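Please look through the structure shown here.

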Amino acid sequence: MLYGIILNSFISISADSMVTFADSLREDIVVQAFKASETTPVTQTNLTKNDIKAIYYGQDIGYVLEKTPSVTAQSDAGNPMGYTFFRLRGIDYTRINFNINGIPVNDPENQGFFSNNFADLASSAKSVQIQRGIGTTQNGTAPIAGAINITTHDLGTPRFAQATLGYGMYNSGRITVEYNTGIVGHKALYIRLSQLSSDGYRAHSATDLKTYFVSTGYFWKKHILKLNLFGGYTQNQLAYMPADKATLEQDIRYNPLGNRANDAFSQHFMQLQHTYFHNDKITITSSIYYVKGWAPRFAIDAPGWFDYNYYNLPNPTMADGTMAMYPNAYISYRLNQNLAGAMSSWNYTGYKYKITVGVHTNVFISDHFMDVLDINPAASGFAEGHKAYFNTGYKNEVSSFVKQEFILAQGFSLTTDFQSRFTTFLYKGQDKIYARDTFEVEPMRWFFFNPKIGLRYQLTDVQAVYISGGMVSREPTRYDYLLDDRAIADVKQSSLQPESVFNLEMGYQLKSKIINLNANLYAMEFSNEIAATGELNAFGYAVRKNTGQSYRRGLETEITVRLSKIWSLTHSSALSTNSIKRFAQTLPVDSMGTMIGRSEALYENVNPVLTPTAIVNQGILMQPTKYWWTNLAVRYVNKMYLSVSNDEALTTPAYTTIDMSTTLHSKDMFPKLQMYITLAVNNIADVTYYTAGTPYEYFIKNPDLTLTRTGSPSYFVGMPKNFFITLGIKY
């Protein structure tokens, strides 16, 4: 716990809201198959509801996790709402497993987690567990870098109604309304409705997020039946392309996408979970889930240079009868997605032995298509909504696992974890009037066996050490293969190899009344890593390709020290060394201002992109009275390379930011009524910093026919000094 040590009654959590129903204590059984316990020998950080409340004011989940080791976050709009992404140990969101109550929520095709679809989920979170490294077996996307497990609201919490209102710079706002009945007559209901919005820090990068969360449950002596419904509707002005350094020096808020670039997306989740308690040793949990995703709009301007002929659209006829070559088009990428799955786990807990056996399967169907909304000059016979292409991706998965824990001797425990995973991908294109889908994408299938083993020794009542090792493999994503939203060439499964990582973790834990310390060494040794080149495609996705051998190795620490009843210190850091042994990068060639092809550059022993070698978070917590507390947080992030070329001119400079928050809480001043107000001031020193970017590299063909590599960095910017004020009222 990073912050709960002195904020043990923060905001909506107080003595009268502690779980008092035995039934509600059993809710954790639903997700225990996937969460690591305190004694599981994996590297983990656990955030309680108190910890989350202490730092959350409406920002997306990546910015909540930034206070934990090895996490970096970035935002398209500059502020922490809307399209934000995070990396763990420098590894991007497509290789981080994200699940809610054990249900995988990564996009199956592209394996990414899009926090924009889960706005204000932190308000309904009971706990968040961050497993770094391959961790324990999870359903869905392979946890190459780690796994994020969110357990949602505890229905056993006593009845309450709560409203949370927030406002900050750039017209950022939050409205959250919650109601919980508690368990009444073996039934319970929780409802949350939220709206978050912002104009965005970057130019025309506004976001409007409307979300809901409904949870209801029935509790019997041997059964729990729980239904979770959550989702929402989001609208964003798009800002997914970085801006070049020279432009940012003139206008730090510049957004290269035009005013008409915008999207809308809705996603709705259903989880039905059943838990059966056979006796005090045997528990069976089963879940079914369904996810509906729909993108009615992802619209951008596509001027003539944007490969107009790539979509085989009609060239308009001018008034004089001539053809207008490469006219401008206003296009909209669309999605229609359906995901259905089921999972079950059997848990046996004995005196010195525990075993969990589980199975999971899901089916995913995703239509990808593009509408042309407008062509200028107008084309003869063109109708708005013309389908430029249409294709469907089918992704299926079946997996099973066995986890065992043995008490070997006094203080020693051994954990084994074995997963078998089978997954397939099928692409089907449709011929349209102007765009024929003529390329062949080979049907694909993969089988992976992922073994893990760990040993933990309890040195004393307050100290323990652990060591764990294992291997995880995963398949390439749809974008890794296609490089686009549709097939632009023939694709074979062998075009890319699955990546594998062997992960070794060694840790030390100390938990006392004064000091909480977690420290670990890690080594992640990759084979065929699917690594980012630094470039982005037309949709803002990282361009990745196989490389050979690579590694990420480091030291991570978390420390909380209670100096007195008033003062506490928190610290988290990650120091690492990272290398790709050999990487062949293909770049375009410029000859007298015209791109004439591509050529290859070969690099050896280089740092992977966007992977800082040092991240340090230092916090000071002060609570002079039970009604007032203040937190000061300093964050340092070392430079990050934008390209595998490791050109020093193509980096994000190192930066240090200082944030502060202060809270006034009514606590027990009023019977049954609690109020609080929090002021968060971020980047107090008003530092200009960049959270990510791309190098825009290419070769220049010289008169003597030699090639010279050159590049120009483009960046995503972080917010300057800003504030957010939050008012909460709970009855």
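A residue is called buried when its relative accessible area is under 20%, exposed when over 50%, and partly exposed in between (1.4 Å probe, protein chains only). By these limits D154 is buried, with a relative accessible area of 7%, and K126 is partly exposed at 24%.

The model is predicted: local features need pLDDT of at least 70 and side-chain atom pairs pLDDT 80 or more, whereas totals for chains, interfaces and linings use all residues. Residues are numbered from 1 along each chain as its sequence is written, and side-chain values use heavy atoms, leaving out hydrogens and water. The protein chain has a mean pLDDT (the predictor's confidence in each residue, from 0 to 100) of 89, and 91% of its residues reach 70 or more. Over residues 1–25 pLDDT stays under 50. Where pLDDT is low, the predicted coordinates should not be read in detail.

A salt bridge places a side-chain nitrogen of Lys or Arg within 4 Å of a carboxyl oxygen of Asp or Glu; the whole structure holds 30. One of them joins R89 and E505 (2.8 Å, N to O). R89 lies in the loop between strand 3 and strand 4 and E505 in strand 22, so the pair ties together parts 416 residues apart in sequence. Strands here are DSSP runs of E, at least two residues, numbered from the N terminus. Both R89 and E505 are buried.

R544 and D92 form another salt bridge (3.1 Å, N to O), and both residues are buried. A network of salt bridges links D92 and R544 with R95, R474, D480, E499, E529 and R552.

Terms used: Contact means heavy atoms within 4.5 Å. Helices (H or I, at least four residues) and strands (E, at least two) are DSSP runs, numbered from the N terminus.
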